[in-house]
Amino acid sequence: MEALHPLPPRPTEHHIQGTTRMGPPGAGVVDDRLRCHDASNVLVLGAGVFPTCSPANPTLTLSALALRAARGLA
């Protein structure tokens, strides 16, 4: 019986995340409402705010974070 080997990842299977990390000042770029610590009138939306890499497609989490950020604007 032939051993199963996973296929190498294709370029479309990667999610770039974590470049504008969410966390407290000094440990992150944005707070839990996605506002920049250094510029409170700037929101960062996208997977860059994830403190760690998601094991699954991040679309639903990103949608929830965007809605939460939008509610904070009112």
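1. A quick definition before anything else: a residue is called buried under 20% relative accessible area, exposed over 50%, and partly exposed in between. Keep that scale handy for the residues below. Note too that this is a predicted model.

2. On secondary structure, there isn't much to list: the protein has one helix and zero strands. The helix, α1, covers residues 59-71.

3. Now the overall numbers. Of the 74 residues in the protein, 19% are buried. The exposed surface comes to about 5,800 Å², with 61% of it supplied by carbon and sulfur atoms. As for contacts between residues at least 6 apart in sequence, 43% join residues at least 24 apart.

4. The partners are Arg68 and Asp32, and their closest N and O atoms sit 3.2 Å apart. Arg68 belongs to helix α1, while Asp32 is in the segment before α1, so the pair ties together parts that are 36 residues apart in sequence.

5. How covered are the two partners? Arg68 has a relative accessibility of 28%, so it counts as partly exposed. Asp32 is partly exposed as well, its relative accessible area being 44%.

6. Most residues other than glycine have a negative phi. Leu34 isn't a glycine, yet its phi is positive, at about 70°. Is this residue buried or exposed? Leu34 has 2% relative accessibility, so it counts as buried.

Methods: Residues are numbered from 1 along each chain as its sequence is written. This is a predicted model: local features need pLDDT of at least 70, side-chain atom pairs count only at pLDDT 80 or more; totals for chains, interfaces and linings use all residues. Side-chain values use heavy atoms; hydrogens and water are left out. Helices (H or I, at least four residues) and strands (E, at least two) are DSSP runs, numbered from the N terminus. Buried means under 20% relative accessible area, exposed over 50%, partly exposed in between (1.4 Å probe, protein chains only). Contact means heavy atoms within 4.5 Å. Accessible areas come from the Shrake-Rupley method with a 1.4 Å probe; for residues, only the protein chains shown count as cover. A salt bridge is a side-chain nitrogen of Lys or Arg within 4 Å of a carboxyl oxygen of Asp or Glu.
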